[in-house]
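Here's a friendly walk through a protein model. Have a look at the sequence and the 3D view first, then read on.

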Amino acid sequence: MRGGHGRSRRWRILAALTVAAALTAVATAGPARADESDALFFSETGFGVWNPEIRAYFESRGGVETFGLPISNVFTLYGFEVQLFQRKGVQIGPSGSPRGLDILQSPYLDYRRFGGQTIPQVDDNLVAAAPTVGSPGYAEAVRGFIQTHVPDSWQGRDVGFLRQFLAAAPPETPSQLRELVALEIWGFPRSRPMPDPANASFIYQRFQRGVMHYTATTGAMAGLPLGGHLKSLITGDQLSASLAAAAAANPLLRQYAPHLPLGTRRPAELPDTDLTDAFLPATDVALRSPEGAVRFGVIALRTHDSGSVRNVLARTGARSYLDYTASLADAPPGSEKMAVVRPSNEPSGAELRAQAARHPGAAWAIGNEPNTGLQDNLSPRAYAAFFDRVVTAIRAGDPSARIVAPNTLNFDFRCRGCAGDDPTGREWIDGFRSAYRELRGTEPPIDVWGIHAYEIDWVDPPMTDASVMQAQLEGLRVYLDSIPEHRGRPIWLTEFAIIWGYDDWRFSEGPDGALLVAPAGRFRNDLIEVFLGEALDWLETRGEQLGVERWFVFADHGIPDPIFTAFAGISLLEAPDARSDLTRLGRIFRRRALT
């Protein structure tokens, strides 16, 4: 077993519990506290800093004072994740760590005139004098260079440029390293302080990643709003004539088109770029109805504040969803909710009849992994009685209701590294059909065969093999077509996701002394992205040939499962908030749902 030999029998027991927790993920985490949510969202602009890496970077390096307010969601630009702020841009680098965007260099804003302001040109001699990365004594050389060329006082004016520069270093940074750390935000100076040629009261100093701006008449010092200018260049909104003229050949010029695929007017000019919803504030998202193909479904967990389901649907484009509740009354306009009736939430027969009558033609999932010990945990005979009781009540209210069952965990795949002897989906379905025939003398009246498909392999993580899901659906199709009464019945993949996306795992002791599963190695966003792409490719081609009509993926932000110390799977949203924007995976999903 990878990750440590001799992990003993208690791990095998824990693994069985983990599977159940991971597949449930329902209502175990409480709502985000208002103070946490409000710290992420800026009502002044309608955008939030939801991405956890960017948020930590933003907060530790001066926050609004350094960056200004957020003015975009996270989007993909030239292959990198980017978020724009009023004064700067932040980019997620190849290592997965955030860094300052070289906003004043090509292919972004390699210009001097921004509206009525003209910044200094690059001083080649100053550039040549800057310390070389990796040279002996580099950190001390950086400190000396910054102290020499970035002044607080210039020509008798308290411009405060050095104070602003150093404010970008986290407070806990040792004094001898503050210049080096702040360099990540501002970069090296590319000019000395200089007045605007048209307004001597404006004093600028140009850096690799920003421009400091001192106004002599007021004594105010702030960064030039270069993030705002880059946004204007991309969107065309409030674009100054001087910048439009200078950037006439820039492929970014007026590219943003939220109604088009990838959100771009000329996608061939912007390789590896996805501007989907890049500049759509939360208030506008709230007004949008879901518009994607109905076969793309999401699972929206009700573990955070009201409005989150509407946000999930509006942002992902998904029209089909489930949230593990048996109520249909709260479905947002334009959506198709699948009610989920389980032994733990079963309404009375009268309630089922009345609700079915109010929502004719709705889909009803009956049960949730009845073949697993820590989910519904029903024997085939017990499920047959439960199924009969629930379906009878629903059909009494609405004969056109669509019954989606039995939603087993997998078809013939068994968990690797888990304890227990749960039956395979096939074994359990055979028993259910036999019990139902004894009860009613017919095959169970299932309109749509529901199944959850997961790779669960604690021996060889990460669990990112899409072929396991494919094999479960292939197997179920062959099985159903061998039964005359179920031949050709549609299949819905009512759950799929990633259980564990890290390279490995280890034990960690929780606050109460319980053993928890903790990450080891990297979180494989790269493999998870490949998994999602392969899964959706297959579902839209071979899956549809097999009669797989809908598929539902977990959409919410990364809530850690009860016995995990960290979230370890697919997340389409960045944060537990009704205003949160999409992750990179979420943008991939939305693009596919709208195509």
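Which residues does Glu81 touch, not counting those up to four places away in sequence? They are Val74, Phe75, Thr76, Val90, Gln91, Ile92, Arg584 and Arg587, where a contact means heavy atoms within 4.5 Å.

## Before we start

This is a predicted model, so local features need pLDDT of at least 70 and side-chain atom pairs count only at pLDDT 80 or more, while totals for chains, interfaces and linings use all residues. Residues are numbered from 1 along each chain as its sequence is written, and side-chain values use heavy atoms, with hydrogens and water left out.

## More on Glu81

Glu81 sits in strand β4. Its relative accessibility is 12%, so Glu81 counts as buried (under 20% relative accessible area, with exposed over 50% and partly exposed in between, using a 1.4 Å probe and protein chains only). The side chain of Glu81 also makes a polar contact with the side chain of Thr76, at 2.7 Å. Such a contact is a pair of N or O atoms within 3.5 Å; within protein, one must be able to donate a hydrogen and the other to accept it, and residues adjacent in sequence count only if both atoms are side-chain atoms.

## The whole protein

The protein has 18 helices and 24 strands; these are DSSP runs, H or I of at least four residues for helices and E of at least two for strands, numbered from the N terminus. Along the principal axes, the C-alpha atoms fill a box of roughly 95 × 55 × 40 Å. Buried residues make up 56% of the 595 residues. Take the contacts between residues at least 6 apart in sequence: 63% of them join residues at least 24 apart.

## Helix α3

Helix α3 covers residues 52-60, and its buried residues are Ile54, Tyr57 and Phe58. They span an arc of only 100° around the axis, which puts them on the same side of α3 (the arc is that of the directions from the helix axis to the C-beta atoms). They pack against β1, α4, β4, β5, β6 and α8.

At the start of α3, a side-chain oxygen of Asn51 comes to within 3.0 Å of the backbone nitrogen of Glu53. Just after α3, Gly62 has a positive phi of about 105°.

## Helix α12

Among the buried ones are Val309, Leu313 and Arg315. Their cover includes α11, β15, β16 and α18. After α12 comes Gly317, with a positive phi near 85°.
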